[in-house]
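Here is a colleague's note for someone opening this entry for the first time. Please read the points with the structure in view.

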Amino acid sequence: RPSAAPPRPIFRRGFYGFVIVAMTLLTVYVGKLYVIEHEQQQKAEVVYQEVRENKGWLSRIMVVEAALITFNVVLAYRGVKVWMLIKRIKIGQIIKGIRTRLAPVRWTIRQVSRTKRLVGWTLKPF
């Protein structure tokens, strides 16, 4: 009867084969990661170079934005002051008084406008 190969050497060869395949796949994966890292470093270097070139413009833009924010704060402050003044002098009551006095004036303006349209229509050449 022929003797079968003992299982230990077969297992050992299979294990070493598995380790070699795993190491090969790991090498390929690390190579891909290296390429990706290199591309990312190149992109980052381009961005850093653009930032260095545009640093003057960026600082000017920041100054302009700060000036605009300050201007908006001043306008808001002045707007609140004007609103408080309007509230204090009760401008709403003044407007209501003017509105009641303007009713006859509005009616007269409407009548004049209608009359003007009628006269313009009748005098229009054929």
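1. The protein chain exposes about 12,600 Å². Carbon and sulfur atoms supply 69% of that area. Keep in mind that this is a predicted model. Buried residues make up 1% of the 126 residues in the protein chain.

2. Now the fold. The protein chain has three helices and zero strands. Read from the N terminus, its elements run α-α-α. The radius of gyration is 44 Å, well over the 14 Å that the globule rule gives for 126 residues, so the protein chain is more spread out than a compact globule. Along the principal axes, the C-alpha trace spans about 130 × 50 × 35 Å.

3. Helix α1 covers residues 7-53. Helix α3 covers residues 91-122.

4. Which residues form a nonpolar patch on the surface? They are Phe11, Phe15, Tyr16, Phe18, Val19, Met23, Leu26, Tyr29, Val30, Leu33 and Ile36. Together they have about 1,200 Å² of accessible area. One of them, Met23, is placed in helix α1.

5. Ile10 also lies in helix α1. Ile10 and Ile36 are 26 residues apart along the chain, and their C-alpha atoms are separated by 39 Å. Ile36 belongs to the nonpolar patch.

6. How many salt bridges does the structure hold? It holds one. The partners are Glu45 and Arg52. Their closest N and O atoms are 3.4 Å apart. This pair counts as a salt bridge because the cut-off is 4 Å. Side chains of opposite charge can pair when their charged atoms come close.

7. Are the two partners buried or exposed? Glu45 is partly exposed, at 42% relative accessible area. Arg52 is exposed, at 53%.

8. Next, the charges. The protein chain has 23 positive and 6 negative charges.

9. A patch of positive charge sits on the surface. Lys96, Arg99, Arg106, Arg110, Arg114 and Arg117 gather there. Arg117 lies in helix α3. The relative accessible area of Arg117 is 57%, so this residue counts as exposed.

10. Thr108 is placed in helix α3 as well. Its relative accessible area is 39%, which means partly exposed. How far apart are the C-alpha atoms of Thr108 and Met23? They are separated by 98 Å. Along the chain, these two residues are 85 residues apart. Met23, in helix α1, is part of the nonpolar patch.

11. To recap for a first look, start with the three helices and the spread-out chain. Then find the nonpolar patch that includes Phe11 and Ile36. Go on to the Glu45 and Arg52 salt bridge. Finish at the positive patch, with Lys96 and Arg117 among its members.

Methods
Residues numbered from 1 in each chain as written. Predicted model: local features only at pLDDT ≥ 70, side-chain atom pairs only at ≥ 80, totals over all residues. Heavy atoms only, no water. Patch = residues over 30% accessible without salt bridge, like charges linked within 9 Å, V, L, I, M, F, W, Y side chains within 5 Å. Areas by Shrake-Rupley, 256 points an atom, 1.4 Å probe, with all protein chains shown as cover. Salt bridge = Lys/Arg side-chain N within 4 Å of Asp/Glu carboxyl O. Helix = DSSP H or I, 4+ residues; strand = E, 2+ residues; numbered from the N terminus. Buried < 20%, exposed > 50% of the residue type's maximum accessible area, 1.4 Å probe, protein only. Lys, Arg positive; Asp, Glu negative; His and termini not counted. Charge placed at Lys NZ, Arg CZ, Asp CG, Glu CD. Rg over C-alpha atoms; globule rule 2.2 N^0.38 Å.
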